[in-house]
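Please give a short report on the structure below.

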Amino acid sequence: MDEGIKQTIKEYILKEFLPGERPDALGDSTPLVSGGILDSIATLKLVAFLEERYEIRLEAHEASAENLNTIEEIARLVQSKKG
Amino acid sequence: MAAGGILHAHLEEAARRFSDRRAVEETDGRFQTYGELAALSDRVRDRLVRWGVRRGDRVGFYMQKSVDAVAMLYGILKAGAAYVPVDPGAPASRNAFVLADCAVRVAAVEEVFAESFRAETAKIGKTVPGLLLLGRVGGGEALREALDREDRNDPAPRAQTVRPDPEDLAYILYTSGSTGKPKGVALSHRHASSFVDWCSETLEPRETDRFSSHAPFHFDLSIHDIHVSLKHGAALVLFGEAVGKDPGSLASLIAEKKISIWYSTPSILTLLVQYGGLERFEVPNLRWVLFAGEVFPIKHLRAIKTLWPRPRYANLYGPTETNVCTWYEIPREIPADRTEPYPIGKACSHCRTKVVDAEGKDVPPGNEGELVVAGPAVLSEYWNLPEQTSRAFLVDGEGERWYKTGDLVIEEANGDYTFLGRRDRMVKRRGYRVELGEIEAGLYKHPAIEEAAAIGAEDEESGVRILVFLKCAGNERPTIVELKRFSAENLPRYMIPDEFRFVDAIPKTSTDKIDYQRLKEMKA
């Protein structure tokens, strides 16, 4: 797993959705959707960011809450798309 | 008219005329005709009557939006009871409170929610006398199976459909309450049908129309979707929770399902513009785009009108307590230099409106004041809250009751009302009413929080951001991740704050109240 991808995702989530949070409070397996950090609009923003940053295309079923609940899962999805 | 302002009589009438037409459809293609929907809701009625439900009772339902939920709702009305839909996405504790508050005699609950619902109901020392458990809903199957199961143990004889008085309650919708407890807006058949009839007159629906049902059933936009479409023999297309938030799927479904009358919050239309890829789909059937619930930023309205130039657009305004009471049709062309949102327009033909000052005296046009509403659509009371009910009304010299909307407006020279803002601590977030006090009350349950003060801040992109200032007990501060998780467990999702800030002290006014004005200055 590319640690850089995780770091990029983590920085984006901290900046956009958790302003003021200590970076160490957000772990790779912190629940994002069920934990109230990503709502539907935040998820759309995150997907748009990932698509642009990594030049990939995520289909609607891939970008569902179940696939995006942790940084770990998001990074895995991005990695698989980058091929 | 034969139906006489009774909501389920509209369905019965349509079922006689259009028995084989599609009534309700899910996006995966499952549907029921008018004949099937009438028959399934008759079975619900029979079961409810068997279980002792009588005219004037309340019956709740706690399930995903589905054909099953629509049949349930009409079965409740046919039994003479009022329906109480709860938000399947809200915490079980809140839903248990709602259904206990209005003392439902029966609740229909989808199995996935049953365990936590039972536990939360027991926690507050209540029980629901009758529980109808449904498997995973969809297409009406789970409801039919549940009724079959109950019939095997205890057959329900055929009952009469109740013809209620138009003043009888038809439904109770719970909205955010400033004390931290949701409050029930109780509305009768007469209240609802005065609005439904206005929609008939204004939108001229036909049986060939296909209505969207985007809003959830606990949200008052659903009254239009369900009761106007089914009155006219039209098809109601249910957009479920997941697909409803996915702009790409929504855009293709609006085209594929040939929606002709769309109704949602501006937030959803904004998402469609930004992420839906609307230019990829033709929508020749679309003839009305209706929006309500919040201000529509002109930039996004202009963008959607460019992508969908053909339909008529209307801004519908009104709190749950009155349903839509003023409206404004957006002109064909939006001038390029217009930056102000459009007005909320003039009173609908079934409502009377005026603007008053803080003493309740009429304010002349051109001056700011509070919009008040009278007429057959205006609620009689909040469920079991006599004090809040009396505070909500202004009674004039002739004894007429005017509902105080809490919205500040100006009446323009041409008679249109322009919305200016709120008088109190309510904000609209994605079309939902959010009492900032309810968020604070939810956060006070956290052991580390000593004081919480929430404010709404205007946001270019999302409309409103919710910012909470917190003073913690002792030196231990919870992380923001922890506060988000705690909020998700204690508040509906649309109330989870966007931002938390820790402060050493919450600023106070000279009378020792939280100084929200000062907090708004501090947000920068």
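## Fold of chain A

How many helices and strands are there in chain A? There are three helices and zero strands. Helices (H or I, at least four residues) and strands (E, at least two) are DSSP runs, numbered from the N terminus. The order from the N terminus is α-α-α. Chain A has a radius of gyration of 12 Å, close to the 12 Å of the globule rule for 83 residues, so it is as compact as a globular protein of that length. That radius is taken over C-alpha atoms, and the rule is 2.2 Å times the number of residues to the power 0.38. The C-alpha atoms fill a box of roughly 30 × 25 × 20 Å along the principal axes.

## Basis of the model

This is a predicted model, where local features need pLDDT of at least 70, side-chain atom pairs count only at pLDDT 80 or more, and totals for chains, interfaces and linings use all residues. Residues are numbered from 1 along each chain as its sequence is written, chains are lettered from A and ligands numbered from 1 in the order written, and side-chain values use heavy atoms, without hydrogens and water.

## Burial and contacts in chain A

Of the 83 residues in chain A, 52% are buried. Buried means under 20% relative accessible area, exposed over 50%, partly exposed in between (1.4 Å probe, protein chains only). Among contacts with a separation of 6 or more, 62% join residues 24 or more positions apart. A contact means heavy atoms within 4.5 Å.

## Nonpolar cores

The largest nonpolar core has 134 residues. Such a core is a set of buried Ala, Val, Leu, Ile, Met, Phe, Trp, Tyr and Cys residues joined through side-chain atoms within 4.5 Å. A:Ile13, B:Phe61 and B:Met72 have the most contacts inside it. Helix α3 (residues 67–78) of chain B gives the largest share, nine residues. Another core, of 32 residues, lies apart from it and includes B:Trp262 and B:Tyr342.

Leaving out residues up to four places away in sequence, A:Ile13 touches A:Leu18, A:Leu26, A:Leu32, A:Ile37, A:Leu46 and A:Ile71.

## Helix α4 of chain B

Seven of the ten residues of helix α4 (residues 92–101) of chain B are buried, so this helix is largely enclosed by the rest of the structure. Among the buried residues are B:Arg94, B:Asn95 and B:Leu99. The buried residues of α4(B) pack against elements of chain B including β3 (58–62), α5 (111–123) and α14 (436–443). B:Ala103 follows α4(B), with a positive phi near 50 degrees.
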